[in-house]
Amino acid sequence: MKQSSRFDSDYLVIGGGIAGLMFALQASEVGTVTVLTKADSAEANTSYAQGGIASVWSVDDSFESHIEDTLNAGAGLCDRNAVETIVREGPATVRELIRLGTQFSRIEAGGEDEYDLGREGGHSHRRVLHAQDLTGREIMRALGEAAAARENIRVLENHVAVNPLIKKDRTTGKPKSCWGVYALDRNTNRVVKIVTRATMLATGGAGKVYLYTTNPDIASGDGVAMAYRAGAPIGNMEFIQFHPTCLYHPAAKSFLISEALRGEGAILRLPDGTPFMKKYDAAAELAPRDIVARAIDAEMKRLGLDNVYLDLSHKPADFIRNRFPNIYAKCLSFGIDMTKQPIPVVPAAHYMCGGVMTDLNARTPIERLYAAGEVAMTGLHGANRLASNSLLEAAVMGHRGAVSAHREIEDSPDGTVPDFAEWETGRAIKSEERVMVTQSWDEIRRMMWNYVGIVRSDRRLARAKSRLALLNEEIHSYYWDYLLDSDLIELRNLVNVAELIVSSASMRKESRGLNYNLDHPDRDDAHWLHPTVITRS
Ligand SMILES: Cc1cc2nc3c(=O)[nH]c(=O)nc-3n(C[C@H](O)[C@H](O)[C@H](O)COP(=O)(O)OP(=O)(O)OC[C@H]3O[C@@H](n4cnc5c(N)ncnc54)[C@H](O)[C@@H]3O)c2cc1C
């Protein structure tokens, strides 16, 4: 690979999901790119996306309608400019995904072969392109193969970014620019320094901050925590989306039952078969996710249930097997035949609507530091994400970020590249003491689930805040004493992200979108029609 003289590569992308790979593919047109993934490159939230990617596609749909649906879901907090930009760039971005090799499902309709458009909760039209119920895996296959074919993209798997390389302003002491990252190479257990002209954070979400989540293990909020520690503003972290329907089975680890089932007519039922969604919303099963998740939570609490049921068994068995082969096979592997019986489900933490605040060019206020995808907050989602808008946002913003990073590094000369010290390795500590790491992990995730979950209150938040402050202090007291490994890196990030969620939720004295607080049950437009923003002082 051609290297630029003073840099390990021109561009660094931390994360190899849809946002990171869209950035990398675009940036590789003009420079060399290094992509870091903390585990094997297939481990990303993107790989698990089932439902699909939303975009205006059919003639009876319109941008205005997609914009309206997104604004409705966002409950007054979307940035209209972000919504318009991302929605309007949808079709071109989907065409780019197709050009790069993604094969979305097709259907024969009226003698024509066309893309099969799914419909999901909150959407007023069928506009979700999907690859059966394995959309994310198909996108990752196509983008991964496209990236592998470019000789100026190198992917370093098992490299965990620890901290960005930040240059401070000499006069103000504030963070000024970013020149790459320290990353732990898990193959050698050494921390390497990667120096680049522009850095894109595309580290995905933070589901692992909760005990129950649909997210894979990589989703520990590393990008948000790194950006926060570096001094970038973090917005709207109180808005965590809980997916209403995760498979409830002791042996199933975080398996999501897609919203698309409800789009195809699946009904939520109590154990005795009674449907209950009409009680909560006129749109019943097609109500936005927060309403469905809260309804399930309320029914479970009211009746002391461990789970409720999602039933599609009234549809033809062939249709179910064909439309949902992955979910069908997974359920069957646990002895549940969804063509004949309802699926046991519970809600689980699913998507982080807030994140590192960026403009519509994926820029953070720190020069040369960009963010895109689930880690970022553009203003598209507001207080709640519309289903299947996240793959769209990640793809659009990954691409836009690369275009703007190129423009900016061409426009501003690199000047003197700061000299960053090598990472100082911590001391090894007796292995039995490492139990503290696993204990703290567990404590944070359980506490977040119990106190900062679907339904919150001022007392629960206050309790979580004081517990987290203690944990943060403890983690800090031993962080630099251990030999660094990925568990320790993630633990520090988890506690940072948990504190950001609790602080944001404590600030917002109202209930809106995904933030529901028993002590402030109403929406308060007079005081809260703006994001919560936290910057490290
Ligand atoms: C089960 C499930 C189903 C979903 N279904 C849909 C859907 O149908 N439609 C939709 O629009 N959205 C869906 N979503 C959400 C969507 O998949 C994600 O929001 C989106 O894929 C995020 O993409 P991303 O590129 O931002 O991050 P990811 O795809 O999560 O990629 C993150 C990358 O960052 C890397 N990384 C993280 N931390 C570090 C670190 N410290 N150092 C180095 N690398 C790091 C990871 O290794 C990974 O490569 C779903 C999510 C889940 C979990």
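This briefing walks through some salt bridges, a pair of packed helices and a handful of individual residues. The structure is a predicted model, so every value here is computed from it. A search of the whole structure turns up 36 salt bridges, and three of them are described below, along with the packing of helices α13 and α14.

**Salt bridges**

As background, side chains of opposite charge can pair when their charged atoms come close.

- **E64 and R88.** These two side chains meet in a salt bridge, with 3.7 Å from N to O. The pair links distant parts of the chain, 24 residues apart: E64 belongs to helix α3 (residues 63–73) and R88 to helix α4 (residues 80–88). E64 has a relative accessibility of 48%, so it counts as partly exposed. R88 counts as partly exposed too, at 39%.
- **E299 and R302.** In this salt bridge the closest N and O atoms are 2.8 Å apart. Both residues sit in helix α9 (residues 289–303), and because they are three residues apart there, about one helical turn separates them.
- **D525 and R512.** Here, too, a salt bridge forms, and its closest N and O atoms lie 2.8 Å apart. D525 is partly exposed, with a relative accessible area of 37%, but R512 is buried at 2%.
- **A network.** Salt bridges that share partners tie E238, R508, E510, R512, R523 and D525 together into one network.

**Two packed helices**

Two packed helices are described by the angle between their axes and the distance between the axes.

- **Angle and distance.** Helix α13 (residues 435–451) packs with helix α14 (residues 458–479) at an angle of about 165°, and their axes are 10 Å apart.
- **Handedness.** The crossing of these helices, α13 and α14, is left-handed.
- **Who makes the contact.** On the α13 side, the residues include M436, V437, I444 and M447. On the α14 side, they include L461, A464, L468 and I475.
- **What kinds of residue.** Sorted by class, the contact of α13 with α14 has 12 nonpolar, two polar and four charged residues.

**Residues with a positive phi**

- **Q132.** The phi of Q132 is near 45°, a positive value in a residue other than glycine. You can find Q132 in the loop between β7 (128–129) and α6 (135–148). Its relative accessibility of 35% is why Q132 counts as partly exposed.
- **N189.** Phi is positive for N189 as well, near 60°, and this residue is also not a glycine. N189 lies in the loop between β10 (175–185) and β11 (190–201). With a relative accessible area of 55%, N189 is exposed.

**Residues and their surroundings**

In the contacts below, neighbours up to four places away in sequence are left aside.

- **E408.** This residue is found in helix α12 (residues 389–411). E408 and R197 are 211 residues apart in sequence, yet their C-alpha atoms are 10.0 Å apart in space. E408 touches R363 and Y370.
- **T358.** Look for T358 in the loop between β17 (355–357) and β18 (369–371). T358 is buried, with a relative accessible area of 12%. What is T358 in contact with? The list is R363, T364, A371, A376, M377 and T378.
- **H350.** Strand β16 (residues 343–352) holds H350. Its relative accessible area is 15%, so H350 is buried. H350 and G207 are 143 residues apart along the chain, and their C-alpha atoms are separated by 5.9 Å. Among the residues that H350 touches are T214, N215, F242, H243 and R289.

Key. Residues are numbered from 1 along each chain as its sequence is written. This is a predicted model: local features need pLDDT of at least 70, side-chain atom pairs count only at pLDDT 80 or more; totals for chains, interfaces and linings use all residues. Side-chain values use heavy atoms; hydrogens and water are left out. A salt bridge is a side-chain nitrogen of Lys or Arg within 4 Å of a carboxyl oxygen of Asp or Glu. Helices (H or I, at least four residues) and strands (E, at least two) are DSSP runs, numbered from the N terminus. Buried means under 20% relative accessible area, exposed over 50%, partly exposed in between (1.4 Å probe, protein chains only). Axes are lines fitted to C-alpha atoms, for helices over the stretch in contact, and angles run from 0 to 180 degrees between N-to-C directions. A crossing is left-handed if the near helix is turned anticlockwise from the far one by less than a right angle, and right-handed if clockwise. Contact means heavy atoms within 4.5 Å. Ala, Val, Leu, Ile, Met, Phe, Trp, Tyr, Cys and Pro count as nonpolar, Asp, Glu, Lys and Arg as charged, and the others, Gly among them, as polar.
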